[in-house]
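Colleague: I am new to this one. Can you take me through it?

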Amino acid sequence: MSTALEAPAVAIERIETPTWQSIRRFAADGFSMTAAVVVVLFVLMAALAPWLAPHDPYESDLLRRLQPPAWMEGGEWSYFLGCDALGRDILSRIIYGSRVSITIGVAVVLIATVVGTVLGLAAGYMRGWVDIAISRVIDILLGFPYLIFAIALMAMMGPGLENIILALVYKEWVVPARVVRGEVLAAREMEYVEAARAVGAPRFHIMFREILPNILSPVIVVSTIRMAHVIILEASLSFLGLGVQPPTASWGSMVADGRAFILDAWWVCTFPGIAILLLVLSINVASQGLRDAFDPKFSD
Amino acid sequence: MIEAPTRPLLEVTNLAKTYHLNKSLMQRLSRQPILDLKAVDRVSFSVGSGETLGLIGESGCGKSTLARTVLRLHEPTSGSIVFDGIDITKLPYRGMTALRRRMQIIFQDPYASLNPRKSVLDIVGLPMAIQGIARRADIRDRVVAMIESVGLKSAHLGRFPHQFSGGQRQRIGIARALILNPSFVVCDEPVSALDVSVQAQIIALLGSLKRELGLTYLFISHDIGVIGHVSDRIAVMYLGDIVEIGPTRELLRAPKHPYTKALLSAVPQIDAGPKRERVKLTGDVPSPLSPPKGCKFHTRCPFAFDRCRVETPVLRPQRAESSAACHLLEAS
Amino acid sequence: MNPLALVGRIAQLLPVLLGVSVIVFVMMALTPGDPVEIMLSGQQVTPEQVQAMRHDMGLDRPPLERFAVFLGNALTGDFGLSFFHRRPVVDVIAERLPATIELTLAALLIAIAISIPLGVAAAVHKNRLLDRLAAVGSLFGISLPGFWFGIILIILFAVHMQVLPVSGRMDYACEVAPFTRLMTIDSLLRGRPDCLADALSHLILPALTLALPMAAVLTRVQRAAMLEVLRSDYIVFAQAKGISRRRVLWRHALKNALVPTVTVAAIETGSLLGGNMVVETVFGWPGLGRLVVESIFVRNYPLVQAAVLFYAVTYVFLNFFADLLYTMLNPRVRL
Amino acid sequence: MLRKALTATALMITVALPAHLTASELRVGFTLDALTLDPGNHRNRDTETIIRNIYDGLLTRDSKMKVVPELAESWTQVDPVTYDFRIRSGVIFHDGSLMTADDIVFTFERLTKDGALGGQTSPRKDLVGPVASITRVDDRTVRFTLKEPWPILPAMLPVQEVISKAFAEKVGSQGLATQANGTGPFKLVEWRKGDTVIMERHDAYYGGATDISPVGKACVDRVIFRAIPENASRVAALLAGEVDIINELPPYDMKKVEANGNTRVMKVNGTRTFFVALNNGKKPFDDPRVRKAANMAIDKALIIDRILLGTAAPLNGVMSPDAFGFNPDLPAYKFDVEAAKKLLAEAGYPNGVDVTLDAEGPFKDVVGAIAAMLTKAGIRAKVNVSEASTLQAKWAATGEKTGDMWFTSWGNGSLDPADIFVPTLRSGGRGNRAFYSNKEVDGLLDSANVELDQAKRADLYKKAQAIVNSEAPWIFMWLPQDLYGVSKRVSGWEPSADSRINSSRYLREVIGPAS
Amino acid sequence: MHSTRSSATEMSEPLLSIRGLKTCFATRAGMVTAVDGVDLDVYPGECLGIVGESGSGKSVTFASVIGLVRSPGFIAGGSIAFEGVDLRTLSDEGWRSLRGRDIAMTMQDALTALNPALTVAEQIEEVILAHANDLPRGGRRDAARLRAVEMLRLVGIPAPEKRIDDYPHQFSGGMRQRIMIAIALSCRPKLLIADEPTTALDVTIQAQVLDLISDLRRELGMSVALITHDLGVVAEHTDRVAVMYAGQIVETGPTRELIDRPRHPYTKGLIGLIPRLSDLDAPIRPIDGQVPELIGLGGTCRFYDRCEFRTPRCRTDIPMEAVEPNHHARCIRVNEILRVEEVLQ
């Protein structure tokens, strides 16, 4: 019997997992797909920066100081978006700057999500002192204004890419942890969890095999939304002068540098700002599409 | 004390389950009234091997809590549970695991009880995987056999719960509960979420499976019609207490407790012909958070007298293997 | 409102405040840089004077002792002297707070004024043009980097059009005797329309910069809540009663749909209060956020500690306030 | 009264018109707000600039930085450690009380006695020098007795302001922080913390220092200092006519200020020396050849021309050309990349060397250019931008001395070498960022410190400068000019090298309301 | 028990007359025809039961009547005449004045149907204020309140003048159901649509609420359309019954007659699967199979797949057929089924 049944039983039917369905729903949504494509383009831009950038982003030429964009008087097509105060090509710096934003956005959200999910699961499922301890830490961290916390941490650790990531992660994990904890509290009362307990499933199995797959989609949705947020936070930190080390280009610090010249060299801070807006907007649109696709009950 | 007609498979003595609703230190310190919900209040009964004990009661009477506490899905507050001669009241979670092969549960909600992210194969095969009693390929064979015996097709194996109707989902739940060959199954309102025509299908299925596999059921429902048809004996619960328990026919023919009488007379009957004398109840079910003193039913009982408001009646044997907890019965 | 709930909230606040104090203190203690050196940078000073100043600031004591002193004093409401201002921290914060509060309230008002009608209209006209526009608008809103948007507003309105001032809070020529220390309100109270106009012209750009992202969030919340409410049975039942559509919408639906918006608004206000240093910097707004950031840079520990504690207390109380509003709007919930 | 008049005027004009055009007043767009109004309890130059309009000092400086008497009529140095100050009579505080010698004694005792500020010690104590005692000799004479000779005492006295003893005792140190009762040309009207300090004319003003003409009361009714920290905003405020004077005009905006018909740029040599401190105690800058190579690698002229737009004077040493004892004969290190490379090779670094260049955020662009130039000469400099406080900790004389290079500066408001040379280049000096140590230089500086003959003293410093120049402990950079944007409605005002904006001293001919 | 219909209603004109009603929902999966060609009359003073399983279209039919089909649903065809007026031609204002005054509705779960954020007083008074023209000027609010208290007393809320200012959540489930009924009846409507009025309630409370509706119907002389899935409720409380299956009415007739002698196989099946306490040995006979999806139906009897009487002739649209003057069924084998039934008995 077993040999006879093995193959055909499943082959008869195309299996559509819920996740796959969500992905198909997402792909069918033109608006969100466009946004996702823009996000992918930004990622490609970051990855291929050395090949895409028309100039060395660090090459300073004081003779080109504050040269306007190509279409303005005094502009040059090879310096399409003009030059900054050190005569560096703004377009190239924007292209390189995407590396900082994307690296930090992805790294922070990834680490925070993993940490937050594990802690949220532990707090929500185990309850008791584990929950009390984790929830207290969450409460305390929530009491801190985000930027002030990050600024203080940056002052403590000093500038640098890794430190920005750490400074943001230290508070960012609270977000997925709270989401996960809430979802777990709801999920652990579901009958399918009781069903697993009724057959003696160990705690670890219930947390990671029964509950986790079911709460993953809100977590993914929240993570993408937070990624947009984190990118703005990094830019804000860089804007306040606590970002990556110069001459590394970061959009936030480019805006900050350009601020001194807003009275006539408006292009210096306008274009990097548009880059931030575009990337963050795309991520937000895509994550909204993701939410609609993964959680159809929100879809209207 | 309430003996099952056959060798008891499950014996429950003075089982109680209390939920502390405001247990944070601060709430206690701020001297808010302590909200203790006595969902199950020192209940005793037994289920004989091969028997179906029907448990009926209105919403919030504690019947589901009782069922889950019996299976140690919830921890009992006091009392004891003996399953097949083994006292499982204090067994640790891991110690319970082996026993869980023999006691299973079918849930009410066919939507919430199946993990939406798992295929039928994973859901029905989970108990075997957890219990570690079969290799993967064997699990698959066993699952195929099981789902076919509950009326599904082997082609459904890779589907996900959302691709099934309510009735089919309930069949999956039944397959999961029965795949380990348990001897004792709690059916927690297995049909109340289903449409009438599907209800009948599931009741029929549960009946035939019982006969085939020699199962013992603790069958919970708020529908006296369903209970009447599936049970050998019926226990009636009101606000955490069993107020009457007895053989089905006896209990339906000649209910003793006023609540049982009211319950039976309230059920709308499709048949013409002589109606049961209506015992009309007034008022609402009191909150389980602050149950009335004395007999918990006295606030709605048309026959209540002074003693009922003070003294809590205990379950006493009546004629024909029935027991009921009512001061009236004692008097007569 | 149950006074015990208030007691409970305050008790709940204590571990949070303690935790926050510990973290701030540790962070400050681990941060390199000496406030005295920073103050005296590039100035003539003898080592004895440096020592004297360190002593005056209590920096010569071991960290644990400093923490104990800080906690002990904080309990009595004494947060010490601001290193830099050489004045009590409480005074310095109190001076800056009204500006921040005024900005935050203005932003909150703008956000609410935009989001509630827009969210309701979007929900009622679901999937129609207005809804689509609101959706696109709110996506833009939440994606706007505030520091950049503020600069763009300055370029547009202050530099190019020159219709609004570049920075600051109020023209100095407007002498309005302080009462609430919120310039707009004081101008009104003292009957100075000219000053009110001036205060508003200073307020509008920073408030708008802060308000737009918040309005975006609130619009989405309001719309989602409204949609959910509009689907509920009680709306159908209300319609079945034959009462006017306006009443169904604004009385039956909105009262319920405001609950999540109010909750989110209160919590957002908390983050607004603690997150506006960027906008304060851009617009030269003399508020608390900028002061705290400057204080971190110059290692003005007492001020940073006190300000962060203040933020934490505010956060907890805003949550409490949100719960309060929640109970008012939703009688099912009792605190 | 004034308020009433103002309101009346305001009512006459339409509400839409900005109210500030109605009074004769001077509005200063200033980088910072005052931290406190207590003249004795801060170490902040900007704070002092604001306070100085309310409080007068015993002495002051003219725009050429010459020290002249203010509240004092004259002073005499009795011996190396004793100075007598003759006090002007009839000076009235803002509250109408008469200033006496007791007020002066009180002021300086408050500054110099430990714990005199409500238990704390004034952070300005050092600025008064090694004072042994301050005594009232008679009603009009106060005597300063020093523990040891300190020739710069008169040069330092312009930065201390005299307060009223009675007032200070009444309001206490806490009160002085927010209230003011000085003898200066302006009275405090209102301090909107973090934003604006509003002052009005002190009508009973005695007229100020007699050596600075014209003498008399301030001619404007009011002076307003408004904190506008953002450069762009400050410039925009000037261009929009919201303020009359702004300080720290960014060089880039000079063109615009000049182009605007109503404003102009005013410059004055500053007192702050910029340099790149090289860590003399550590490879590779322990070798003078490497340090010289670094000096030669920088095209100072290009940076000054392009980034600073010509608003700085190149330096070959530590002193400002305006300072006492400046040595004009120091040789310049010529920009020569090849020579620099050669020197570097000679020093044992034929393949160049990797170093870190520390700097604070505001100097990012300059440092970027410096790093690029150094790299071209083989000194591959990686820029590390940090906060001032972090860098100060890293480069503290007592620290671990791990840095390579730091683009930094040292101010010298007194324009006396004692205030810059000694701290930055004497062994163990508090500001000796380069960890430079030369016994000979130390000896010269120590002698100069106690030398009372000013000519001899100047010679000692000149010698020391020559040594330092030849050893190149720093990359010598420049002395920037202080740039001010000034409305053409303001006349008769000149910027001062000490960055002060003393509204009374110079603002004799403010044109009132623009019509 | 109250099963005999008075001859008066038999003669009179129907209060509500539905002809060929078709209500559709545009869903992602396609057009769902929830109600497909329903003809139904409600006579003055009668209690009509509408019985069917979930998805049979019983609720949507009456949502169409009161004009509250939820988006994305819409009425695609047919006519609904109330007192001779075609409701489908009504303006918004016309609907507004009809609802609550002429036709009122109660819903399944009072907990969700009552607005949690408003007091009971407000929720009753607003109906009265919206419809009553006889309230004294100036004292409208007070008068409305008095009437609201009266209504609460009528439905059996103890101490109504005290409890009227409470919020819905402060009442028990049974009391809430009574309040909802009070709201629906506060303007003395001619027709009450009671949509599953007791499904959410326990049996002992259910009995109380159903008795209340029956009593009030007689007292106020209104008609009631009682939508339920419980044949027992139908048997005890209605005069006439319509059985719905998959969007169609399959059988309609006087209650007792229909239950005792069902003509449609589905009705017969439905009755067969009710567990009877009076006869525990009577087996519960399930109907095999499932309700069909309501997309793209047509061309066949909708019960075809599950019918034990099916023949190839059933593969066509089946019309309603009169089996007795008041008894109609949608089956071509009505007479054979009757015979089988008689044989069995």
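Here are some questions and answers on the model.

Modeller: This is a predicted model; local features need pLDDT of at least 70, side-chain atom pairs count only at pLDDT 80 or more, and totals for chains, interfaces and linings use all residues. Residues are numbered from 1 along each chain as its sequence is written, chains are lettered from A and ligands numbered from 1 in the order in which they are written, and side-chain values use heavy atoms, without hydrogens and water.

Colleague: Which element of chain A has the lowest mean pLDDT?

Modeller: pLDDT is the predictor's confidence in each residue, from 0 to 100. Chain A averages 84. Helices are DSSP runs (H or I, at least four residues), numbered from the N terminus. At a mean of 34, the lowest is helix 1 (residues 2–11) of chain A.

Colleague: How far apart are the end C-alpha atoms of helix 3 of chain A?

Modeller: The expected span is 1.5 Å times one less than the number of residues. Helix 3 (residues 30–47) of chain A has 18 residues, so it should span 26 Å; the model agrees, with its ends 25 Å apart.

Colleague: Is Ile205(E) buried or exposed?

Modeller: Ile205(E) lies in helix 9 (residues 203–220) of chain E. Buried means under 20% relative accessible area, exposed over 50%, partly exposed in between (1.4 Å probe, protein chains only). Ile205(E) has 6% relative accessibility, so it counts as buried.

Colleague: Which residues does Ile205(E) touch?

Modeller: Contact means heavy atoms within 4.5 Å. Leave out residues up to four places away in sequence. Ile205(E) then touches Glu58(B), Gly283(B), Asp284(B), Arg300(B) and Gly174(E).

Technical notes:
Helices (H or I, at least four residues) and strands (E, at least two) are DSSP runs, numbered from the N terminus.
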